[in-house]
Amino acid sequence: MRKQLLSPFVPFLMFFLYSSTTVAQTPSPAPSGPTNITAILEKAGQFTTLIRLMKSTQVADQINTQLNNSNQGLTVFAPPDNAFTNLKAGALNSLSDQQKVQLVQFHIIPNFLSMSNFQTVSNPLRTQAGNSADGEFPLNVTTSGNQVNITTGVNTATVANTIFTDGQLVVYQVDQVLLPLDLFGTAAAPAPAPSKPDKDVPAKAPAGSKEDASVDSSGATIATVSISVVLIAAISLKL
């Protein structure tokens, strides 16, 4: 009797258990959204200074807009916090707002470069900071096996690892801040050497010096001798 009462509910019970198990095993979809360079760096960690510079200069917004509204790729070189710490004291604070923009843009290549691309890329690389042909923002790449070095004319950094890549954006960690030649390569001109006079002019002795006193005494002696000679001659004539 009890089996007859439960039998109509068995199919419903089995269906409920199957549905519950299926829902529990299905992963929730990853949140979709536009590419965000600062979110990528925040997830990687140790890029607080670079993130702050990107936000204050609004370069982060430019990167995100470019990535999400075009098919053009980007390559970003990301120095960690300790690379900024190793800079000369006051190096960042001495820059104007426009120069800080150029510093951040100097770390961005306006096309996608994989690690294999560095083997065949043509120097100098063009960055978003400006034209490298005029010598203001040169960026050159050299490779030795799997090692990639980046030279700015001021310092040389090494690509440490790949933080992120999706075929359109690639972010590489570098061990030094890339210092543009136009911002950090100018040295103060040495002071010109003093001009040498054409002729050596002896210094005039100051008034009242011993030299003047000796001249005056010599003149007085000569005058006294001359008067004595005249008096003797006059006496001789009278006699």
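This briefing describes how the helices, strands and buried residues of one protein chain are arranged. The model is a predicted one, and the protein chain in it contains nine helices and six strands. Of the 239 residues of this chain, 31% count as buried, while the accessible surface comes to about 16,100 Å², of which 58% belongs to carbon and sulfur atoms. Among contacts between residues at least 6 apart in sequence, 61% join residues at least 24 apart.

**The sheet**

- Six strands form an open sheet with mixed pairing, and their order across the sheet is β2-β1-β6-β5-β4-β3.
- Strands β2 and β3 (140–144) stand at the edges with a single partner strand each, so one side of each has no neighbour in the sheet.
- Strand β5 (residues 156–165) and strand β6 run antiparallel and are joined by five bridges, and within this part of the sheet Val 159 stands opposite Val 174 of β6.
- Helix α3 packs on the sheet, where it touches β1, β5 and β6, and its direction makes about 40° with that of β6.
- Helix α5 also packs on the sheet, touching β1, β2 and β6, and the direction of α5 makes about 150° with that of β1.

- Strand β3 pairs with strand β4 (residues 147–151) in the antiparallel sense over five bridges; Val 141 stands opposite Ile 150 in β4, and the bridge partner of Thr 143 in β4 is Val 148.
- These two strands, β3 and β4, form a hairpin with two residues between them, and Gly 145 in the turn has a positive phi of about 70°.
- Strand β4 pairs with β5 as well, again in the antiparallel sense but over three bridges, and here Asn 149 stands opposite Thr 158 in β5.
- The hairpin formed by β4 and β5 has four residues between the strands, and in its turn Gly 153 has a positive phi of about 95°.

**Helix α3**

- Which residues of α3 are buried? They are Ile 37, Thr 38, Ile 40 and Leu 41, and because they cover an arc of only 155° around the axis, they lie on the same side of α3.
- The buried residues of α3 pack against α4, α5, β1, β5 and β6, and the helix is followed by Gly 45, whose phi is positive, near 80°.

**Helix α5**

- In helix α5 (residues 59–69), the buried residues are Val 59, Ala 60, Ile 63, Asn 64, Gln 66 and Leu 67; seen down the axis of α5, they fall within an arc of 165°, so they line one face of the helix.
- The elements that cover the buried residues of α5 include the helices α3 (37–44), α4 (48–56) and α7 (97–105), together with the strands β1 (74–78), β2 (108–109) and β6 (169–174).

**The nonpolar cores**

- The largest nonpolar core has 30 residues, of which Ile 37, Leu 41, Met 54, Ile 63 and Leu 169 touch the most other members.
- At least two residues of this core come from each of α3, α4, α5, β1, α6 (81–85), α7 and β6.
- A second, separate core has 18 residues, including Phe 77, Phe 106, Val 159 and Leu 178.
- As a general background, nonpolar side chains in soluble globular proteins tend to be buried together.
- Leaving aside its neighbours within four places in sequence, Leu 41 is in contact with Phe 47, Leu 50, Ile 51, Met 54, Ala 78 and Val 171.

**A closer look at Phe 84**

- When residues up to four places away in sequence are not counted, Phe 84 touches Thr 49, Leu 50, Leu 53, Pro 79, Leu 92 and Val 177.
- Phe 84 and Phe 47 are 37 residues apart along the chain, and their C-alpha atoms are separated by 9.6 Å.

Definitions and conventions:
Residues numbered from 1 in each chain as written. Heavy atoms only, no water. Buried < 20%, exposed > 50% of the residue type's maximum accessible area, 1.4 Å probe, protein only. Arc of directions from axis to C-beta. Contact = heavy atoms within 4.5 Å. Core = buried A, V, L, I, M, F, W, Y, C linked by side-chain atoms within 4.5 Å. Pairing = 2+ DSSP bridges. Axes fitted to C-alpha atoms, helices over the stretch in contact; angles between N-to-C directions. Areas by Shrake-Rupley, 256 points an atom, 1.4 Å probe, with all protein chains shown as cover.
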